[in-house]
Amino acid sequence: RLDSVQFNILETFFVAVYGGGAENINDERQTIFCHRNSNPELIPPTQNALFHHCQRALYQASVWVSANHSEMKAPDPLEFGWKKLEKRLVPLWMSIPEVSNVCRELIKCGCQRICGNACTCKKNRLNCTALCKCNCMH
């Protein structure tokens, strides 16, 4: 579960690996994206994607721990980060919608101080976000 003590410990570890001062991986992700590096390959996974990755790792560990037994008692992979696609098991990368389909906040304006009539955010009826360089959201 996302709210389990074990996952919170793993999440804290991953926040530290990526540089760390944030409370959770999503906040660390936002900080890196907005202020340090916009290269998507260097941004940590979302909390949801990290959770499913940890589930798959746990499943793999449970398979290996019983690999030397004559009868393996592996858990159901569908409960550990996998889904069935036709007759195959494929990784469940995330269980939330992709950001590109739901997040208009990735629009950012090029305003330097205070936004005017040319502001991209205002044109799209959005508030300025942390991605903007203006002072509107402060």
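## Phe14 and the aromatic pairs

Phe14 counts as partly exposed, at 21% relative accessibility; buried denotes under 20% relative accessible area, exposed over 50%, and partly exposed the range in between, with a 1.4 Å probe and protein chains only. The model is predicted: local features need pLDDT of at least 70, side-chain atom pairs count only at pLDDT 80 or more, and totals for chains, interfaces and linings use all residues. Residues are numbered from 1 along each chain as its sequence is written, and side-chain values use heavy atoms, with hydrogens and water left out.

Three aromatic pairs are found in a search of the whole structure. One of them joins Phe13 and Phe14 edge-to-face, at 5.6 Å centre to centre and 85° between the planes. Rings of Phe, Tyr and Trp (its six-membered ring) pair if their centres lie within 6.5 Å; planes under 30 degrees apart are stacked, those over 60 edge-to-face, and the rest tilted.

## Tyr59 and Phe80

Tyr59 and Phe80 form a tilted aromatic pair, with 6.4 Å centre to centre and 35° between the planes. Because Tyr59 belongs to helix α3 (residues 47-65) and Phe80 to the loop between α3 and β1 (82-85), the pair ties together parts that are 21 residues apart in sequence. Both Tyr59 and Phe80 are buried. Helices (H or I, at least four residues) and strands (E, at least two) are DSSP runs numbered from the N terminus.

## Surroundings of Arg29

Arg29 lies in helix α2 (residues 25-36) and is partly exposed, with a relative accessible area of 29%. Apart from its neighbours within four places in sequence, Arg29 contacts Ile43, Pro44, Pro45 and Thr46, contact meaning heavy atoms within 4.5 Å. The C-alpha atoms of Arg29 and Pro44 are separated by 5.6 Å, although these residues are 15 residues apart along the chain.
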